[in-house]
Amino acid sequence: MIIKVYADKRSLGLAAAHQAADAIRMAIQKNNHARMIAATGASQFELLDALTSLAGIDWERVEMFHLDEYIGLSADHPASFRNYLRARLIDKVGITHHHLLDGEHDPAEVIRTVGHALQSAPIDVALVGIGENGHLAFNDPPADFDTEEPYLVVRLDEACRRQQVGEQWFTSIDEVPERAITMSIRQILKSRAILAVVPEARKAPAVRLCLEGAISPMAPASILRTHADTSLFLDADSAALVKINA
C-alpha cells in the first residue's frame with residue numbers, strides 16, 4: 001500500500017483525481033476502453049469534482065460500476081447513490097455505459113444482472129472510501145472476507161447508519177434503510193488498482209485500524225494492505241492518529 005498525505009481534502013481530491021485519470025487513460029490506450037468502480041459519500045466530493053473537470057478522458061469509452069446502494073430507497077431520494085452518481089459523475093461527463101444498482105427491485109435479480117456484467121472482465125481502477133466504522137463499501141464489521149460473490153445483501157450496523165445521518169443524507173437514524181446491496185470484499189480486491197480516498201478527522205480512528213491493527217474482518221478496510229496496487233489518500237486530519245514513514 002502506498003500512503004499519500006496532503007494538507008487538506010481539496011489537494012487530496014485533486015491528487016487522487018489525477019491518478020485515477022491516468023489509470024483510465026492508460027486502460028483506454030491499451031484496451032480501447034476502461035472499466036471503473038466509483039464510490040459515493042461525502043468523502044468523495046472533492047475527488048469527483050476534480051476528476052470530472054480534467055481534460056483528455058474519453059468518457060464514452062468508460063464502463064462504470066459502483067459499490068453499493070440502499071434497498072428500498074427511491075432513485076430520486078437525496079441519499080440514493082444512483083442519484084449521487086448521476087449528478088456528480090455520469091451526467092457531468094456523459095458516461096453512457098454504466099451499471100447502477102437498483103435498490104427498488106428484487107435484490108437477487110439486481111445482484112445477478114450487475115454481478116454478471118462486473119465479472120465479465122477485469123476492473124482497471126476502483127475508487128473507494130473507508131467508513132467511520134472501518135467498513136469498505138457497505139461491508140460493516142465483521143465483514144465477509146471469503147465470499148467470491150460479486151455483490152451481497154447486508155444489514156447495516158448502527159455506526160454505519162449514524163454516519164449517514166452525520167453526513168446529513170438523512171435527518172434521523174430511523175430514516176436510514178437497514179439493508180443494502182454491497183460489492184463484496186473479494187470483488188473489490190480483484191481490481192487492478194485501488195484508490196482509497198479518506199479525508200477528515202472523523203475518519204482518523206478508522207485509518208488507524210486500517211493501517212496499524214491486525215488484518216481482520218473487524219477492521220474491513222485493513223484487507224487493502226494485501227492488495228498489490230492500492231494507494232491510500234489521506235489529509236492531515238485523517239492521518240493524525242498514525243505515524244507515516246517518509
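What is the volume of the largest pocket? The volume of the largest pocket is about 230 Å³. The model is a predicted one, in which local features need pLDDT of at least 70 and side-chain atom pairs count only at pLDDT 80 or more, while totals for chains, interfaces and linings use all residues. Residues are numbered from 1 along each chain as its sequence is written, and side-chain values use heavy atoms, with hydrogens and water left out.

A pocket here is an open set of points on a 1 Å grid over the protein atoms alone, where a 1.4 Å probe fits, with protein on both sides within 12 Å along at least five of seven lines; lining residues have an atom within 4 Å of a point. Helix H1 (9–31) and strand E9 (193–198) are the elements that give two or more residues to this lining; helices (H or I, at least four residues) and strands (E, at least two) are DSSP runs, numbered from the N terminus. H1 supplies the largest share, 7 residues. Among the lining residues are Gln19, Asp22, Lys30, Asp124, Arg192 and Asp229. By class, the lining has 5 nonpolar, 2 polar and 5 charged residues.

E9 and E10 pair in the parallel sense over 5 bridges, two strands being paired if DSSP finds at least two bridges between them. Ile194 stands opposite Thr230 in E10. E10 is also joined by 5 bridges to strand E1 (residues 2–6), again running parallel, and Lys4 has Phe233 of E10 as its bridge partner.

In a regular strand the side chains alternate between the two faces of the sheet. In E10 (residues 230–235), 6 of 6 residues are buried, that is, under 20% relative accessible area with a 1.4 Å probe, protein chains only. Thr230, Leu232 and Leu234 point one way, and Ser231, Phe233 and Asp235 the other.

Elsewhere, an open sheet of 3 strands has the order E4-E8-E7 with antiparallel pairing. Strands E4 (68–70) and E7 (151–155) stand at the edges with a single partner strand each, so one side of each has no neighbour in the sheet. The twist averages 20° from one strand to the next. E7 is joined to E8 (residues 179–183) by 5 bridges, and Val153 has Ile181 in E8 as its bridge partner. Helix H4 (residues 107–118) lies across E7 and E8, at about 140° to E7; axes are lines fitted to C-alpha atoms, for helices over the stretch in contact, with angles from 0 to 180 degrees between N-to-C directions, and contact means heavy atoms within 4.5 Å.

Note on methods:
Grid points are joined across faces, edges and corners, and a volume is the space filled by probe spheres set on the points. Ala, Val, Leu, Ile, Met, Phe, Trp, Tyr, Cys and Pro count as nonpolar, Asp, Glu, Lys and Arg as charged, and the others, Gly among them, as polar. Buried means under 20% relative accessible area, exposed over 50%, partly exposed in between (1.4 Å probe, protein chains only).
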